[in-house]
Amino acid sequence: MIVPGLPSAGYATRTAEAILDAFNDTGANLPAGVTIGTSIGIVVFPNDAPDRETLLSHADAALYEAKMQGRGLYCVFEQVHG
């Protein structure tokens with residue numbers, strides 16, 4: 001999902017929380033045994049990446065981290081400085 005015009009990752013996390021809440025609310029209305037869910041990787045352009053390819057790579061890394069922490073979560077990409 002691309003959300004243009006957000007000034008910081010803080011705004012993106014509120015959007016991610018709303019999306020995760022919507023999935024949780026929807027889950028209560030599903031037939032028994034049916035589940036849906038999502039994990040979200042957050043990256044902010046141009047703060048986290050100068051171009052499309054790097055942006056997608058960083059979003060994928062954040063998504064992978066969210067999945068590793070336990071499905072149904074979001075993770076904000078963090079640059080590793082070394």
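Q: Hi! What share of the residues in this protein is buried?
A: Buried residues account for 21% of the 82 residues. Buried here means under 20% relative accessible area, exposed means over 50%, and partly exposed is in between, with a 1.4 Å probe and protein chains only. This is a predicted model, in which local features need pLDDT of at least 70 and side-chain atom pairs count only at pLDDT 80 or more, while totals for chains, interfaces and linings use all residues. Residues are numbered from 1 along each chain as its sequence is written, and side-chain values use heavy atoms, with hydrogens and water left out.

Q: Thanks. How many helices and strands are there?
A: There are 2 helices and 2 strands, and along the sequence they follow the pattern α-β-α-β. Helices (H or I, at least four residues) and strands (E, at least two) are DSSP runs, numbered from the N terminus.

Q: And what does the C-alpha trace span?
A: Along the principal axes, the C-alpha trace spans about 45 × 25 × 20 Å.

Q: Let's talk about α2. How many residues does it have?
A: Helix α2 covers residues 52–69, which is 18 residues. From first C-alpha to last it reaches 26 Å, close to the 26 Å expected at 1.5 Å a residue. That expected span is 1.5 Å times one less than the number of residues.

Q: Which residues of α2 are buried?
A: They are H58, A59, A62 and A66. Looking down the axis of α2, these buried residues fall within an arc of 105°, so they line one face of the helix. The arc is taken from the directions from the helix axis to the C-beta atoms.

Q: What do those buried residues pack against?
A: The buried residues of α2 pack against β1 (40–42) and β2 (74–76).

Q: Which exposed residues sit on the face turned away from the buried side?
A: That face of α2 carries E53, D60, Y64 and M68, which are exposed.

Q: How about the ends: what caps the N-terminal end of α2?
A: D51 does, with a side-chain oxygen 3.3 Å from the backbone nitrogen of E53. After α2 comes G70, with a positive phi near 125°.

Q: Switching topic, which residues make up the largest nonpolar core?
A: The largest nonpolar core has 5 residues: A12, A16, L20, I40 and I42. A nonpolar core is a set of buried Ala, Val, Leu, Ile, Met, Phe, Trp, Tyr and Cys residues joined through side-chain atoms within 4.5 Å. The elements giving two or more residues to this core are α1 and β1, and α1 gives the most, with 3 residues.

Q: What is A16 in contact with, leaving aside neighbours within four places in sequence?
A: A16 is in contact with I40, I42 and Y74. Contact means heavy atoms within 4.5 Å.

Q: Now the loop between β1 and α2. Where is the cis peptide bond?
A: The bond from F45 to P46 is cis, with omega near 5°, and P46 lies in the loop between β1 and α2. In general, most peptide bonds are trans.

Q: One more: where is S39 found?
A: S39 is found in the loop between α1 (9–27) and β1. At 13% relative accessibility, S39 counts as buried.

Q: Which backbone nitrogen does the S39 side chain reach?
A: The side chain of S39 reaches the backbone nitrogen of G72 at 3.4 Å. Leaving aside neighbours within four places in sequence, the contacts of S39 are L63, A66, K67, R71, G72 and L73.

Technical notes:
A polar contact is a pair of N or O atoms within 3.5 Å; within protein, one must be able to donate a hydrogen and the other to accept it, and residues adjacent in sequence count only if both atoms are side-chain atoms.
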